[in-house]
Amino acid sequence: MLKRCLACVLSVVFFITSLGSVPFARADEALNLPVAGAMMSLSASYEPVLVKGLTIHKDDPFMFDFVVDVGNTQLTAQDQNFKAEADRLIKYFFACLTIPEKDL
């Protein structure tokens with residue numbers, strides 16, 4: 001009985017909504033997108049802070065010197081934000097060294 005009642009209510013609701021006009025939805029107004037078919041220009045390139053290389057010392061194979069590029073982030077080597085970002089990237093490198101090869 002409950003299923004039959006629910007089916008009737010849903011049928012009535014779907015019938016009533018089908019009588020009205022279908023609203024016209026446009027994503028370009030809400031999301032500030034260009035019109036369809038419009039040519040878009042390229043965005044400015046972005047180069048993040050990146051570990052470009054490393055030096056391994058022959059006398060101490062567990063000592064590394066990392067070459068870190070600042071990219072176009074406007075950071076300098078003395079900046080604390082740069083040092084924090086470089087430390088994060090170096091920790092990622094060491095984490096990759098600890099992962100077994102079969103899990104990569």
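Salt bridge here means a side-chain nitrogen of Lys or Arg within 4 Å of a carboxyl oxygen of Asp or Glu.

Before going on, a word on the source: this is a predicted model, in which local features need pLDDT of at least 70 and side-chain atom pairs count only at pLDDT 80 or more, while totals for chains, interfaces and linings use all residues. Residues are numbered from 1 along each chain as its sequence is written, and side-chain values use heavy atoms, with hydrogens and water left out.

Back to the pair. Glu-85 and Arg-88 are separated by about one helical turn, because they are 3 residues apart in helix H3. Helices (H or I, at least four residues) and strands (E, at least two) are DSSP runs, numbered from the N terminus. Glu-85 is partly exposed, at a relative accessible area of 24%, and Arg-88 is partly exposed too, at 36%. The cut-offs are these: buried is under 20% relative accessible area, exposed is over 50%, and partly exposed lies in between, with a 1.4 Å probe and protein chains only.

Now helix H3 itself. H3 covers residues 80-98, which is 19 residues, and spans 27 Å from its first C-alpha to its last, close to the 27 Å expected at 1.5 Å a residue. That expected span is 1.5 Å times one less than the number of residues. Which residues of H3 are buried? They are Phe-82, Ala-86, Leu-89 and Ile-90. These four sit on the same side of H3, because they cover an arc of only 100° around the axis. The arc is taken from the directions from the helix axis to the C-beta atoms. On the face turned away from the buried side are the exposed residues Gln-80, Asn-81, Lys-91 and Thr-98.

What covers the buried residues of H3? The cover includes strand E1 (50-56) and strand E2 (64-69). Gly-53 belongs to E1 and touches Asp-65, Phe-66 and Val-67, leaving aside residues up to four places away in sequence. Contact means heavy atoms within 4.5 Å. Gly-53 is partly exposed, at 23% relative accessible area.

A salt bridge also joins the side chains of Asp-69 and Lys-52, at 4.0 Å from N to O. That pair links distant parts of the chain, with Asp-69 in strand E2 and Lys-52 in strand E1, 17 residues apart. Asp-69 is partly exposed at 27%, whereas Lys-52 is exposed at 55%. How many salt bridges are there in the whole structure? The search finds 3, and one of them is between Lys-102 and Asp-103, with closest N and O atoms 3.9 Å apart.

Next, the loop between E2 and H3, where Gln-74 is found. Gln-74 has a positive phi of about 65°, although it is not a glycine. Most residues other than glycine have a negative phi. Gln-74 is exposed, at 75% relative accessibility.

Last, helix H1, residues 2-19, which contains Phe-15. Phe-15 is exposed, at 51%. Together with Val-12, Ile-16 and Leu-19, Phe-15 forms a nonpolar surface patch with about 430 Å² of accessible area. Cys-8 is also in H1, and its C-alpha is 71 Å from that of Ala-77, 69 residues apart along the chain.

Two terms remain. Patches are made of residues with over 30% relative accessible area and no salt bridge, joining like charges within 9 Å and nonpolar side chains (Val, Leu, Ile, Met, Phe, Trp, Tyr) within 5 Å. Accessible areas come from the Shrake-Rupley method with a 1.4 Å probe, and for residues only the protein chains shown count as cover.
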